[in-house]
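Take a first look at the chain below. Then follow the text from one part to the next.

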Amino acid sequence: MDSERVRVVLVDDEHLVRMALRLIVDGEPDLVVVGEAADGDTAVTVVGEQRPDVVLMDVRMPGRDGLSATEEILRLPEPPRVLVLTTFDSDEMVLGALRVGALGFLLKDTPPPRILAAIRTVATGEPALSPAATARLIAAATGPHSSDARRASRETAAGLLATLTDRERETAGAIAEGLSNTDIARRLDITVATVKAHTSSMLSKLGAENRVQIALLVRDAES
């Protein structure tokens, strides 16, 4: 039965938060909680044992934090998708989570239906960001930075994107605009399967974990 449902691991140092999330998730016929952890080290162990599809990850916890745990989890063979669920939405927190490979970022006061929708979304490999996180991402991409730091980021990103084919770069640009695979296929007059193939190739060439990191590279190259 579990093979037909999205398997979820909950990571939060507050027992009551985990209990509430379990009630929300287990109340859905297509989702199931298969494990819990109260800190980053335990999260890595539980994920390795349970092999979930999605991890709901807090950031600030005793011992190893959620970002460090996310980095290690995403180095596992066939890693799960990580959806950060936290109380804090500073620029550093949002960008830090996305740069280590998290596919989604939500605040803990997000209504349960949106949390459930985000779990389903990241399970398919698509990003799920709160409006606040999206705003901070855009601000970070377009706001003022030191010229040296901006130049270094731009040159690094441009160098990586230069390894892509023309079609892959077009696909990367569309991903950065937030288009779905179906929309990208329609724009480029190719099949969805071809979009997925381009994306898989880009992930390998760029050393990226997911579509969000591809989008960040495109933004860096244009900054």
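The paragraphs below start with confidence, then turn to the sheet, an annotated residue and a helix pair.

This is a predicted model. The mean pLDDT of the chain is 85. Of its residues, 87% reach 70 or more. Confidence is highest in strand 1, at 97. It is lowest in helix 6 (residues 131-142), at a mean of 59. Where pLDDT is low, the predicted coordinates should not be read in detail.

Strand 3 (residues 54-57) runs parallel to strand 4 (residues 81-86), and 4 bridges join them. Here Val55 stands opposite Val82 in strand 4. Strand 4 also pairs with strand 5 in the parallel sense, over 4 bridges. Leu83 has Gly104 of strand 5 as its bridge partner. Strand 5 in turn pairs with strand 6, again in the parallel sense, over 2 bridges. There, Gly104 has Ala128 of strand 6 as its bridge partner.

Stay with strand 5 (residues 104-107) for a moment. In a regular strand the side chains alternate between the two faces of the sheet. Both faces of strand 5 are covered. Gly104 and Leu106 lie on one side, Phe105 and Leu107 on the other, and all are buried.

Next comes Asp58. This residue sits in the loop between strand 3 and helix 3 (66-73). An unreviewed UniProt entry annotates Asp58 as "modified residue: 4-aspartylphosphate". Is Asp58 buried or exposed? Its relative accessible area is 4%, so Asp58 is buried. Leaving aside neighbours within four places in sequence, Asp58 is in contact with Val11, Asp12, Asp13, Gly66, Leu85, Thr86 and Lys108.

Last, move along the chain to a helix pair. Two packed helices are described by the angle between their axes and the distance between the axes. Helix 8 (residues 166-176) packs with helix 11 (residues 211-222) at an angle of about 100°. Their axes are 8 Å apart. The angle therefore makes helix 8 roughly perpendicular to helix 11. From helix 8, Ala172, Gly173, Ile175 and Ala176 take part in the meeting. From helix 11, the residues are Arg211, Ile214, Ala215, Val218 and Arg219.

Terms used. Residues numbered from 1 in each chain as written. Predicted model: local features only at pLDDT ≥ 70, side-chain atom pairs only at ≥ 80, totals over all residues. Heavy atoms only, no water. Pairing = 2+ DSSP bridges. UniProt positions renumbered as here; feature names shortened; annotations may be inferred. Buried < 20%, exposed > 50% of the residue type's maximum accessible area, 1.4 Å probe, protein only. Contact = heavy atoms within 4.5 Å. pLDDT = per-residue confidence, 0-100. Axes fitted to C-alpha atoms, helices over the stretch in contact; angles between N-to-C directions. Parallel < 35°, antiparallel > 145°, perpendicular 65-115°, else oblique.
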